[in-house]
Amino acid sequence: MKLQTRQAEEPELSLVSLIDVVLMMVIFFMVSTSFVHEAALKVQLPEASVETPTSDAAPLELVVDQDGNYFLNGRALIANRADVLRSALEKTAGERRDIPLTIRADANTTHQSVVTVMDVAGKMGFVNITIVTAKQGGG
């Protein structure tokens, strides 16, 4: 009995089925993906100017220290409550609400203390409120 050795056939890779699977995956991901529409809302952003306000009255400076105590033009207020702050601002500013109000807050003060100052000043009608910051890096 004479046995002959068969020649090994090279395996053939069918690319047609692979392409079909890849196209089906692409179609699936395209259909199931939700696209984010970031530009759906049109918002007009505010612009800042470099003009310095001109006022004949002295500007008000309100300092909030680390413990949340208020100092109006260098004088300490008797309590750090909103009603005390309101009466001190009314006494100092009188009827003028166009006087520049500068808020200086310690970096370690509570956020609530600064928000209270801004809330009281806004409700009183102050329109020129500035928050003083320091340059990053200790400048």
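Accessible areas come from the Shrake-Rupley method with a 1.4 Å probe, and for residues only the protein chains shown count as cover.

The model is predicted, so local features need pLDDT of at least 70 and side-chain atom pairs count only at pLDDT 80 or more, whereas totals for chains, interfaces and linings use all residues. Residues are numbered from 1 along each chain as its sequence is written, and side-chain values use heavy atoms, with hydrogens and water left out.

The overall architecture comes first. The protein chain contains three helices and five strands; helices (H or I, at least four residues) and strands (E, at least two) are DSSP runs, numbered from the N terminus. Read from the N terminus, the order of the elements is α-β-β-β-α-β-α-β. Of the contacts in the protein chain with a separation of 6 or more, 64% join residues 24 or more positions apart, a contact being heavy atoms within 4.5 Å. Of the 139 residues, 19% are buried. Buried means under 20% relative accessible area, exposed means over 50%, and partly exposed lies in between (1.4 Å probe, protein chains only).

The surface deserves attention next. A nonpolar patch of about 1100 Å² is made by eleven residues that include Leu13, Leu15, Leu18, Ile19, Leu23, Ile27 and Val31. Patches are made of residues with over 30% relative accessible area and no salt bridge; like charges are joined within 9 Å, and nonpolar side chains (Val, Leu, Ile, Met, Phe, Trp, Tyr) within 5 Å. One member of this patch, leucine 23, belongs to helix H1, residues 15-32. Leucine 23 is partly exposed, because its relative accessibility is 48%.

The aromatic rings form one pair. The rings of phenylalanine 28 and phenylalanine 29 have centres 5.5 Å apart and planes at 65°, so the pair is edge-to-face. By the rule applied, rings of Phe, Tyr and Trp (its six-membered ring) pair if their centres lie within 6.5 Å; planes under 30 degrees apart count as stacked, over 60 as edge-to-face and the rest as tilted. Phenylalanine 28 counts as exposed at 52% relative accessibility, while phenylalanine 29 is partly exposed at 49%.

The whole structure holds four salt bridges, each being a side-chain nitrogen of Lys or Arg within 4 Å of a carboxyl oxygen of Asp or Glu. In one of them, glutamate 61 meets arginine 104 at 2.4 Å, N to O. Glutamate 61 lies in strand S1 (residues 60-64) and arginine 104 in strand S4 (residues 101-105), so this pair ties together parts that are 43 residues apart in sequence. Both partners are partly exposed, glutamate 61 at 29% and arginine 104 at 38%.

Another salt bridge joins arginine 96 to aspartate 98, with the closest N and O atoms 2.9 Å apart. Arginine 96 is partly exposed at 30%, and aspartate 98 is partly exposed at 42%. Lysine 123 and aspartate 119 also form a salt bridge, their closest N and O atoms being 3.4 Å apart. These two residues are separated by about one helical turn, because they stand four residues apart in helix H3 (residues 111-124). Lysine 123 is exposed at 62%, whereas aspartate 119 is partly exposed at 38%.
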